[in-house]
Amino acid sequence: MAADERPLVAVLGATGATGRTAAHRLAATGRARLRLGARTRSTVAELASELEAEARAVDATNPAELAEFCAGAAVVVQCAGPSLRITPTVLAAALHAGAHLVDPAGDLDPVPTGGRSVVLGAGVVPGLSGLLPRLLPPRPRRLDVYNGGADRLTPAAAADVLLSTPPRYGLPRAAWRDGRVEPAALVTQPAVVLPGFTGPMHAAPLLTAEVQRLAAELVAAQARAYSVFPTAALPEALASAWESGDPLTHVEAVISAADSDVAAYDAGITLLASARYDEGGTRRTLLRSADSLTLTGAFTALAVEDVLDGKVPVGVGWAAEVLDPGTVVERLANDPSVDELAL
């Protein structure tokens, strides 16, 4: 039997919702061999059998096991969490193995990558939240971004949210004006009605690093960004956690707050960006999904395909900035994880 010469893609954290979806989407393309990793082989064996993939036991905190897992891979997909703690270790192993890296979350300062591509933020927020608005015409007079909804949080996702502390990840109440950050410019909108969202929403102003880069690229005169929740329960839980000085002790409280929103409202996430122009016109991008984790896995798989095709520049980059928004939208439009996509 001839050897399978397709490139090897190694998916770490393959049994989580994001990793599982990414593995399924990649298997469906038939263009890569898959190696699926989880802490215990038994938890990933069934999925590997279903997808005709290789199953591996791997502890993301064990350098030796990571090295073995990454060996021979063309791309390593980092879906283990919390990513803000694990990704640097996984990146080191991937680069040592000569592999590219795709991470649906993650955050890194620029580092030498030895000619490899490292794609971070191939998720929903950040990720699609910064990519879709790049289809808007440049130079808006004002750009408004609203991202959120009633969304379940896994323990790993909750930990990543809690580790995303200001000012690196965002500036509460800040706005963007004439190329610079304007502190304390905005207030919470406690009951705002927005396109794509169900009923009045609690919108907390948070000028994320992603929106700052987006506003600069679009040359927006003004930009405002809000994290959107059905109630104040989750933002209050997050604020309490960050004020405590030990946010990771609040994982259960944050998950509980998210679950209470999901119990009272339809689960789902909406990404809305609206741009106004001097000539009086308004343009908008809108995406809705009932399952943000599945959507993240689908987007991650698209990023892997682009890396395999050599379409992603060498070095560390954010998915919203290194992937082509037009081709992403074209491929994602019919994905079952997308309920509505309007441009």
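The legends below describe close-up views of a predicted model.

**View A. The stacked tyrosine pair of Tyr146 and Tyr226**. The structure holds 1 aromatic pair. Its members are Tyr146 and Tyr226, whose ring centres lie 4.8 Å apart with the planes at 5°, and because planes under 30 degrees apart count as stacked, the pair is described as stacked. Tyr146 belongs to strand S7 and Tyr226 to strand S13 (residues 222-229), so the pair ties together parts that are 80 residues apart in sequence. Both Tyr146 and Tyr226 are buried.

View B. The side chain of Thr300 reaches the backbone oxygen of Ala122 at 2.9 Å.

**View C. The lining of the largest cavity**. The count comes to 1 cavity of 30 Å³ or more, and the largest cavity has a volume of about 40 Å³. Its lining includes Leu128, Ser129, Leu132 and Pro133, together with Val145 and Asn147, and also Leu271, Leu272, Ala273, Thr285 and Leu286. At least two lining residues come from each of helix H5 (128-131), S7, S14 and S15, with the largest share, 3 residues, supplied by S14. By class, the lining of this cavity has 8 nonpolar and 3 polar residues, and no charged ones.

**View D. The second largest pocket**. This pocket holds about 230 Å³ of space and is lined by 18 residues, of which Thr198, Asp266, Ala267, Gly268 and Thr270 lie nearest its centre. Strand S7 (142-150), strand S14 (268-276) and strand S15 (282-289) are the elements that give two or more residues to the lining. The lining of the second largest pocket divides into 8 nonpolar, 7 polar and 3 charged residues.

**View E. The buried residues of helix H6**. Within helix H6 (residues 155-163), the buried residues are Ala158, Ala159, Asp160, Leu162 and Leu163. An α-helix has 3.6 residues a turn, so residues three or four places apart point the same way. The cover over the buried residues of H6 includes helix H4 (83-96), helix H8 (233-244) and helix H9 (251-264).

Notes: Residues are numbered from 1 along each chain as its sequence is written. This is a predicted model: local features need pLDDT of at least 70, side-chain atom pairs count only at pLDDT 80 or more; totals for chains, interfaces and linings use all residues. Side-chain values use heavy atoms; hydrogens and water are left out. On a 1 Å grid over the protein atoms alone, a cavity is a set of points where a 1.4 Å probe fits but cannot get out, and a pocket is an open set with protein on both sides within 12 Å along at least five of seven lines; lining residues have an atom within 4 Å of a point. Grid points are joined across faces, edges and corners, and a volume is the space filled by probe spheres set on the points. Helices (H or I, at least four residues) and strands (E, at least two) are DSSP runs, numbered from the N terminus. Ala, Val, Leu, Ile, Met, Phe, Trp, Tyr, Cys and Pro count as nonpolar, Asp, Glu, Lys and Arg as charged, and the others, Gly among them, as polar. Buried means under 20% relative accessible area, exposed over 50%, partly exposed in between (1.4 Å probe, protein chains only). Contact means heavy atoms within 4.5 Å. Rings of Phe, Tyr and Trp (its six-membered ring) pair if their centres lie within 6.5 Å; planes under 30 degrees apart count as stacked, over 60 as edge-to-face and the rest as tilted. A polar contact is a pair of N or O atoms within 3.5 Å; within protein, one must be able to donate a hydrogen and the other to accept it, and residues adjacent in sequence count only if both atoms are side-chain atoms.
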